[in-house]
Amino acid sequence: MKNTKTAARWATGVAVGAGLALALGTGGLAANAATAPTPISTNSASCSFGEHLVSAWRAVPSELRTDLKAARALKPGADRRDALKKIQSKAIDGGYGAAVEARAEWRKDHRGDKLRPLPESLKADLKTLHATPKQAKGAEAQKIADTAVAGGYGATVESFAKAVQSSPAWKNCTPSGS
């Protein structure tokens, strides 16, 4: 049972990270030294919040993105847990590359460093975002991000949000119109 809980916690960390394009593909939370250097974009300041998220998500290795999407598509239960355990194992074994391996090892060694459970105010704002009409979602997401960076959801979320903002994948965003 402990391994299942550990895998679920790890998967939650990855899902939060990958869902926001943070944990494994980007982020100052783990092993930045293992990240391959990437060219710096001069257009990052022109990116919308959504373009930053897409840029960060694309920094996650494509095979890992595919595996995470496939696991998420499974119904909750044993099959999904098994798929997430395989992803965890593959990440720790370097199957997604050295940068992901370093971050997976860091996650394994820092099990207590987590975002879950999310603060109630963040959960409420995410529910609001989910219910927001499509044309207003970008502005609502930016409001949540600004609140996170300002510490409005607590120190842990603030630290995580600032790490994301300082990540190479976030900084290397190029606006879609360029």
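Is glutamate 101 buried, partly exposed or exposed, and what is its relative accessible area? The legends below answer this in the second view and begin with the chain as a whole.

**View 1. The protein chain of this predicted model holds nine helices and zero strands.** Helices (H or I, at least four residues) and strands (E, at least two) are DSSP runs, numbered from the N terminus, and along the sequence they follow the pattern α-α-α-α-α-α-α-α-α. The model is predicted, with local features needing pLDDT of at least 70 and side-chain atom pairs counting only at pLDDT 80 or more, whereas totals for chains, interfaces and linings use all residues. Residues are numbered from 1 along each chain as its sequence is written, and side-chain values use heavy atoms, with hydrogens and water left out. Of the 178 residues in the protein chain, 37% are buried, where buried means under 20% relative accessible area, exposed means over 50%, and partly exposed lies in between (1.4 Å probe, protein chains only). Among contacts (heavy atoms within 4.5 Å) between residues at least 6 apart in sequence, 66% join residues at least 24 apart.

**View 2. Glutamate 101 sits in helix α5, which spans residues 98-109.** With a relative accessible area of 29%, glutamate 101 is partly exposed. Leaving aside residues up to four places away in sequence, glutamate 101 touches Ala91, Ile92, Asp93 and Gly94. The C-alpha atoms of glutamate 101 and alanine 91 are 5.1 Å apart in space, although the two residues are separated by 10 residues in sequence.

**View 3. Helix α6 (residues 120-131) packs against helix α7 (residues 134-149), their axes coming within 9 Å and crossing at roughly 170 degrees.** This crossing makes α6 roughly antiparallel to α7, a term for angles over 145 degrees, while those under 35 count as roughly parallel, 65 to 115 as roughly perpendicular and the rest as oblique. The axes are lines fitted to C-alpha atoms, for helices over the stretch in contact, and the angles run from 0 to 180 degrees between N-to-C directions. On the α6 side the contact is made by Leu122, Asp125, Leu126, Thr128, Leu129, His130 and Ala131, and on the α7 side by Lys137, Glu140, Ala141 and Ile144. These residues divide into six nonpolar, two polar and three charged.

**View 4. Glutamate 140 lies in helix α7 and is buried at 15% relative accessibility.** Not counting residues up to four places away in sequence, glutamate 140 touches Thr128, Leu129 and Thr132.

**View 5. Helix α7 has its buried residues, Glu140, Ala141, Ile144, Ala145 and Ala148, on the same side, because they cover an arc of only 145 degrees around the axis.** The arc is that of the directions from the helix axis to the C-beta atoms. The buried residues of α7 pack against α2 (49-59), α6 and α8 (155-165), whereas the face turned away from this buried side carries the exposed residues Gln135 and Ala139. Following α7 is glycine 151, whose phi is positive, near 90 degrees.

**View 6. Helix α2 has Phe49, Glu51, His52, Ser55 and Ala56 as its buried residues.** Seen down the axis of α2, the buried residues fall within an arc of 160 degrees, so they line one face of the helix. The cover over the buried residues of α2 includes α7 and α9 (168-171).

Key: Ala, Val, Leu, Ile, Met, Phe, Trp, Tyr, Cys and Pro count as nonpolar, Asp, Glu, Lys and Arg as charged, and the others, Gly among them, as polar.
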